[in-house]
Amino acid sequence: MSQCKAYRASILHSIANPYDVGAENSYEYFEDGLLVVESGAVVSVGDAEGLLPSLPADVEVIHYQDALITPGFIDTHIHYPQTGMVGSYGAQLLDWLEMYVFPCEGKFGDADIASAQTDMFLQELLRNGTTTALVFGTVHKESVDAFFEQASKLNLRMIAGKVLMDRNAPEYLLDTADTGYADSKELIERWHGKGRLSYAVTPRFAPTSSPEQLELAGKLFNEFPDLYMHTHISENKKEIEWVSELFPERSGYLDVYDHHGLIGERAVFAHGVHLHDDECKRLSDTGSAVAFCPTSNLFLGSGLLDLERLEKQGVRVGLGTDIGGGTSFSQLQSLNEAYKVLQLQGQKLDPFKALYLATLGGAKSLYLDEKIGNFEQGKEADFIVLDYNATPLISYRLSRASSLQEKLFALIMLGDDRAVKETFSAGKSLHQKKFSKS
Ligand SMILES: [Zn+2]
């Protein structure tokens, strides 16, 4: 018999996009709340006082003091093989790929290396409160097998794919249009839809795929139901120039993907910092999504994403860390940098909007909002416990906050992995912060 458990603390979750309904109508908050979970799913959420009397007497209630329960974070763009090269010095996108990324990714044909890296990577995601991610592997199918094997053991909701790359990269990292298609198809048949796993057709970006490869990728994307498409777009100005040289017959960067059928629902484009208005409209019309990766865009000097413009055009936007171009696994840190990226453009990131981006907004951009993203009844119980006393400074600052908005904003600005006390996936605790008692 499955066990019912209840978690008592302050509870906050998004219920709508603040852009549509206003920040004050975008969330539910229970100061003394209760989240009831059974068989890995949410049974109910509400005020503890109201819900406790209705619980059967044998239900265990776990009470957290000075803590906030929120849905688990969703990372809509990250590269697991780049974990070991995060924080590499001194380059912008194209040089950075050659100097650091390609040599690092070259090792992932070795299943043991891929497996060890996956282990570290998944632990790091959980330590940071991230319960779902859209993940790049490498060109090697071993990299994706290793990733899915471990994600499956932990019953995590994860999306990943093998990189497609048949030109403009070192020989040791190239597939061909045909082998890329065949290997991806094999992985799809093995993993897509197994438990909580989904597959993403993953061309790295237009410059490293021939038109033939993009054509087969588009074919594949439309061949199986509910597949994802995951790539990069308009991150860096030199990259955009290169794309126009490589594909002179196309009207723009997005048109390269569009022409080959790599657009639509569950197509996620990382960055999109320098998109044109007509490209935003096309993304919106097709239900495609952009992954906003602020720590990466700042670290690699790529540019500032104009979030307001994307939202005005109706583009779905999720939040990504883009490890190893990004500098933190923590979505709290992504939001901290997102706030500054928007400040530099005269825009504000309300803390409830920030919460939305990292949870329900991410779920919507991945078409997973019927399964994850908030605490609606029946959704998968992926949630985290944030610690109001995570550091002396956080504790001190929050004790002086007079409203939920102020508290949440300060927690986002000051928080990182240290703020995550516990992480649950499908109702199971997979990470508990260790305390040193020195
Ligand atoms: Zn990336």
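1. Buried means under 20% relative accessible area, exposed means over 50%, and partly exposed lies in between. Tyr27 has a relative accessible area of 22%, so Tyr27 is partly exposed. The structure discussed here is a predicted model.

2. The structure holds 16 aromatic pairs. In one of them, the ring centres of Tyr27 and Phe352 are 3.9 Å apart and the planes are at 5°, so this pair is stacked. It links distant parts of the chain: Tyr27 belongs to strand 2 (residues 27-38) and Phe352 to helix 14 (residues 351-358), 325 residues apart.

3. Tyr257 and Phe269 form a tilted aromatic pair, 5.5 Å centre to centre with 50° between the planes. Tyr257 sits in helix 9 (residues 253-259) and Phe269 in strand 11 (residues 267-271), 12 residues apart. Tyr257 is buried, at 0% relative accessibility, and Phe269 is buried, also at 0%.

4. One aromatic cluster includes Tyr80, Phe108 and Trp191.

5. The zinc ion has as protein donors His77 (NE2), His79 (NE2), His232 (NE2) and Asp322 (OD), at 2.1 to 2.3 Å. The arrangement is irregular because the 4 donor atoms subtend angles of 86 to 170° around the zinc ion. His232 lies in strand 10 (residues 228-233), and Asp322 lies in the loop between strand 13 (316-319) and helix 13 (331-343), 90 residues apart. His232 is buried at 6% relative accessibility, and Asp322 is buried at 3%.

6. On the surface, Leu298, Leu304 and Leu344 make up a nonpolar patch with about 260 Å² of accessible area together. Leu298 is placed in helix 11 (residues 294-299) and counts as partly exposed, at 35% relative accessibility.

Definitions and conventions
Residues are numbered from 1 along each chain as its sequence is written. This is a predicted model: local features need pLDDT of at least 70, side-chain atom pairs count only at pLDDT 80 or more; totals for chains, interfaces and linings use all residues. Side-chain values use heavy atoms; hydrogens and water are left out. Patches are made of residues with over 30% relative accessible area and no salt bridge: like charges are joined within 9 Å, nonpolar side chains (Val, Leu, Ile, Met, Phe, Trp, Tyr) within 5 Å. Accessible areas come from the Shrake-Rupley method with a 1.4 Å probe; for residues, only the protein chains shown count as cover. A salt bridge is a side-chain nitrogen of Lys or Arg within 4 Å of a carboxyl oxygen of Asp or Glu. Helices (H or I, at least four residues) and strands (E, at least two) are DSSP runs, numbered from the N terminus. Buried means under 20% relative accessible area, exposed over 50%, partly exposed in between (1.4 Å probe, protein chains only). Donors are N, O and S atoms within 2.8 Å of the metal (3.2 Å for Na, K and Ca); water is not among the atoms, so sites may look incomplete. Four donors count as tetrahedral if all angles lie between 85 and 135 degrees; four count as square planar and six as octahedral if opposite donors are over 155 degrees apart and all others between 65 and 115; anything else is irregular. Rings of Phe, Tyr and Trp (its six-membered ring) pair if their centres lie within 6.5 Å; planes under 30 degrees apart count as stacked, over 60 as edge-to-face and the rest as tilted.
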